[in-house]
Each structure stands twice: as C-alpha cells, then as structure tokens.
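Me: I have a protein model open and want to get my bearings. Can you walk me through it?
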Amino acid sequence: MVQMNVKPGPYQMEGWSQEDVKRMVGFMDEINADLKAKKQLVVAEGLVSPEEARLVKANQDGSPSVTDGPFAESKEFIAGFWIIDVKDADEAYRFAAKISVCPGPGGKPLHMPLEVRQVGSAPA
C-alpha cells in the first residue's frame, strides 16, 4: 500500500489554478493507466479532506455514534492511496518515488513523502 499523506489545513489543492489541478490529475491518471496495463493496480482512491471525515464507534446498544474527525491535532492526513501488486519492496519504493514528483503549482514537482506498507502478513 502506498499512502499519500499531506499536511493539515486547507485541502492540499486550495489556491491551485485550474491548469495546475488538471496537470496533477493527468499525472495521476497516467500513473494509474500504467499500473492497470501492467496488471499491478489493485485499487487507488483519493480521499476527501479531514473536515468531511467522521469518526464512528458503537454505542452501548450497538448503534453508531458519529462525530467530526479525525483529530484537529493531526500533523498529517491521508489524501489518497494505492494498493499495488508488485514483486518486492524495491518495486513499491520505485513506484512511491514516481508519485512523489507529482506536479504541483506551476508544474513544479511536489517531492512529497509517501508511506509504503505491505498489506497482509509478511512472507514466511
């Protein structure tokens, strides 16, 4: 799993020009198309901002208790993720590095850090 974390505050693209947003979306579309062609894409999703997220836990009677979330003091939040099927960690790291240079305002690479985790149990 490759997870894109961004700093809190206004959603990461607030203030971007329409051209910058189109460039970033086009970059992500190309990345996903390449993964699909290689049969490596399991799922990829962008997520809404934390202001739209909710925390849910069960009340004593099992009904849902829903509150705003996640946490105002968070230093980062998850903006999106990919679950990819690759042969080893090095291939996952190369993929994450590719995403890291996603174009930002003015087309300048963002060089954002991405978290890489294995999904499921480790091989024996």
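Reply: One term to begin with: a contact means heavy atoms within 4.5 Å. By that rule, residues 24 or more positions apart account for 68% of the contacts with a separation of 6 or more in the protein chain. Keep in mind that this is a predicted model.

Me: Ok. How many helices and strands does the protein chain have?
Reply: There are two helices and six strands. Along the sequence they run β-α-β-β-β-β-α-β.

Me: And what percentage of the residues is buried?
Reply: Of the 124 residues in the protein chain, 28% are buried.

Me: Let's look at the helices. At what angle do the axes of H1 and H2 cross?
Reply: They cross at roughly 160 degrees. H1 covers residues 18–37 and H2 covers residues 89–100. Their axes come within 11 Å.

Me: Parallel or antiparallel, then?
Reply: Roughly antiparallel. The cut-off for that label is an angle over 145 degrees. The crossing of H1 past H2 is right-handed.

Me: Which residues make the contact?
Reply: From H1, they are Phe-27, Met-28, Ile-31, Asp-34 and Leu-35. From H2, they are Phe-95, Lys-98 and Ile-99. By class, six of the contact residues are nonpolar, two are charged and none is polar.

Me: New topic. Which residues touch the most other members of the largest nonpolar core?
Reply: Met-4, Met-28, Trp-82, Phe-95, Ile-99 and Leu-114 do. That core has 19 residues.

Me: Which helices and strands supply at least two residues of this core?
Reply: Strand S1 (2–6), H1, strand S5 (77–84) and H2 each do. H1 gives the most, with five residues.

Me: Zoom in on Ile-99. What is Ile-99 in contact with?
Reply: Skip its neighbours within four places in sequence. Then Ile-99 is in contact with Met-4, Phe-27, Met-28, Ile-31, Trp-82, Met-112 and Leu-114.

Me: What does Val-66 touch?
Reply: Arg-54, Leu-55 and Val-56, not counting residues up to four places away in sequence. Val-66 and Val-56 are ten residues apart in sequence. In space they are 4.7 Å apart, C-alpha to C-alpha.

Me: What about Thr-67? Where is that one?
Reply: Thr-67 is also in strand S4. At 40% relative accessibility, Thr-67 counts as partly exposed. Beyond its neighbours within four places in sequence, Thr-67 is in contact with Arg-54 and Leu-55. Between Thr-67 and Ala-53, the C-alpha to C-alpha distance is 9.0 Å, and they are 14 residues apart in sequence.

Me: Last topic, the loops. What is the phi of Lys-39?
Reply: Positive, about 60 degrees, although Lys-39 is not a glycine. Lys-39 lies in the loop between H1 and strand S2 (41–46). Lys-39 is exposed, with a relative accessible area of 72%.

Me: And what is the phi of His-111?
Reply: His-111 has a positive phi too, near 50 degrees, and is a residue other than glycine. Its place is in the loop between H2 and strand S6 (114–116). With a relative accessible area of 55%, His-111 is exposed.

How values were computed. Residues are numbered from 1 along each chain as its sequence is written. This is a predicted model: local features need pLDDT of at least 70, side-chain atom pairs count only at pLDDT 80 or more; totals for chains, interfaces and linings use all residues. Side-chain values use heavy atoms; hydrogens and water are left out. Axes are lines fitted to C-alpha atoms, for helices over the stretch in contact, and angles run from 0 to 180 degrees between N-to-C directions. Helices (H or I, at least four residues) and strands (E, at least two) are DSSP runs, numbered from the N terminus. Angles under 35 degrees count as roughly parallel, over 145 as roughly antiparallel, 65 to 115 as roughly perpendicular and the rest as oblique. A crossing is left-handed if the near helix is turned anticlockwise from the far one by less than a right angle, and right-handed if clockwise. Ala, Val, Leu, Ile, Met, Phe, Trp, Tyr, Cys and Pro count as nonpolar, Asp, Glu, Lys and Arg as charged, and the others, Gly among them, as polar. A nonpolar core is a set of buried Ala, Val, Leu, Ile, Met, Phe, Trp, Tyr and Cys residues joined through side-chain atoms within 4.5 Å. Buried means under 20% relative accessible area, exposed over 50%, partly exposed in between (1.4 Å probe, protein chains only).
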